[in-house]
Amino acid sequence: MTTTVRKVVATAAALSAVLAVTAGCVESGRADTGQGAASCPFAADPSVTSTVRLGFQAIPNGDLLVKDRNLLQACLPNAKITWSQFASGADMVQAFGAGSLDIGTLGSSPATKALSSPLNLPVQVVWIHDVIGASESLVAKQKSDLAGLRGKRVATPFGSTSHYSLLAALDKAGLTGQVELINLQPEAIPGAWQGDQIDAAWVWDPTLSKLTAAGGTVITSSAETAAAGAPTFDVAIADKKFLADNAAFAIAWAKLQSYAVEQINTAKEEAAVSIGAQLGIAPDKVTPQLAGYRYLTAAEQAGPRYLGGGFAADLAGTAGFLLSQGGIAAVGSEQQYRDGIAVAPAAGAAG
């Protein structure tokens with residue numbers, strides 16, 4: 001097995017789900033953090049007049065820094081930007097299926113599902129927000145190892161990167177089918193934990209930190225499953241027609257994402273202020289979370305290992321996992337997944 005997950009469903013219920021989520025969307029930049037907009041880190045381009053619908057999740061990465069500092073508005077003053085928050089990759093894919101998003105953040109597995117049959121959505125991966133490591137982990141109420149979870153109830157958002165890592169770990173430990181898996185979204189997991197409805201959970205921050213603060217013990221993590229051949233990622237996908245019609249915006253967007261990565265990698269404490277404001281937590285709680293991810297520069301992303309080549313194999317490997325779980329109808333060719341990647345924005349940002 002190689003690669004990823006983050007829950008996906010697609011259909012008619014999509015539109016109502018999208019409307020429920022986007023009802024709380026925020027125009028042009030920061031929500032209500034009061035931090036003040038930063039200046040553009042490169043020459044602003046008033047010629048870009050794109051209307052853009054961006055989807056984000058509460059994941060500690062550069063997208064939240066760009067949003068909090070209102071960098072898109074600073075760099076593209078005549079673009080109209082709308083931000084909408086989503087609870088999961090499943091909701092994000094529904095929004096793309098309903099034609100309600102232009103660019104959105106989700107796990108590499110739902111991205112793979114979007115690119116695979118039967119959905120075959122007209123989207124492309126344009127950015128890798130992070131390579132997931134210890135930021136997604138398996139936490140149990142009682143100190144144990146994987147074998148100690150036999151017969152226990154383990155929660156995770158189905159179809160998510162955490163779900164993928166959990167199944168990969170159980171498979172390697174010979175525990176497939178011997179653990180009761182519970183499908184819960186991150187925000188529902190702490191309540192189930194406190195109510196003794198679950199014994200363990202594989203999830204990401206900020207829920208992960210809540211469980212460890214409540215006495216949970218980390219048993220293993222996505223860093224270990226990645227080392228065993230099952231890496232996971234958070235990515236951005238974009239509508240293909242939007243990319244074709246808004247190339248200048250896409251490159252400027254990628255430049256800002258790369259700038260945010262630089263800030264996270266070289267000025268963590270300052271970056272944590274912006275990211276914490278968007279997550280609703282103190283900066284000193286954000287910094288340890290950042291250590292659980294690897295953040296790639298535009299040059300790295302445009303290179304042969306990732307968007308410039310090797311990432312198509314990661315997507316194809318993820319598709320194999322999804323097929324085994326009944327999540328897709330068929331695995332496409334590696335060329336199909338290569339066609340599902342747009343390297344131009346990252347290459348343009350890399351200069």
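The second largest pocket of this predicted model has a volume of about 220 Å³. A pocket here is an open set of points on a 1 Å grid over the protein atoms alone, where a 1.4 Å probe fits, with protein on both sides within 12 Å along at least five of seven lines. Grid points are joined across faces, edges and corners, and the volume is the space filled by probe spheres set on them. Thirteen residues line the second largest pocket, with A168, A169, K172, T225 and A228 nearest its centre; to count as lining, a residue needs an atom within 4 Å of a point. Helices are DSSP runs of H or I with at least four residues, strands are runs of E with at least two, and both are numbered from the N terminus. By type, the lining splits into seven nonpolar, three polar and three charged residues. Here Ala, Val, Leu, Ile, Met, Phe, Trp, Tyr, Cys and Pro are nonpolar, Asp, Glu, Lys and Arg are charged, and the others, Gly among them, are polar.

As for the largest pocket, its volume is about 280 Å³. Its lining has 15 residues, and A58, Q85, P186, E187 and P206 sit nearest the centre. Both domain 1 (51–131 + 232–350) and domain 2 (136–228) put at least three residues into this lining, the bounds coming from an automatic or database domain assignment.

Turning to the strands, β7 (residues 153–156) pairs with β8 (residues 180–183) in the parallel sense over four bridges, pairing being at least two DSSP bridges between two strands. In this pair, R153 faces E180. The chain gets from β7 to β8 through helix α6 (residues 161–172), in a right-handed β-α-β crossover; that is, with the strands pointing away from the viewer, the path from the first strand over the helix to the second runs clockwise. Strand β7 is also joined to β9 (residues 200–204), in parallel, by two bridges.

Strand β4 (residues 103–107) is largely enclosed by the rest of the structure, because five of its five residues are buried, meaning under 20% relative accessible area with a 1.4 Å probe and protein chains only. Five bridges tie β4 to β11 (residues 233–239), running antiparallel.

Residues are numbered from 1 along each chain as its sequence is written, and side-chain values use heavy atoms, leaving out hydrogens and water. The model being predicted, local features need pLDDT of at least 70 and side-chain atom pairs count only at pLDDT 80 or more, while totals for chains, interfaces and linings use all residues.

How values were computed. Buried means under 20% relative accessible area, exposed over 50%, partly exposed in between (1.4 Å probe, protein chains only).
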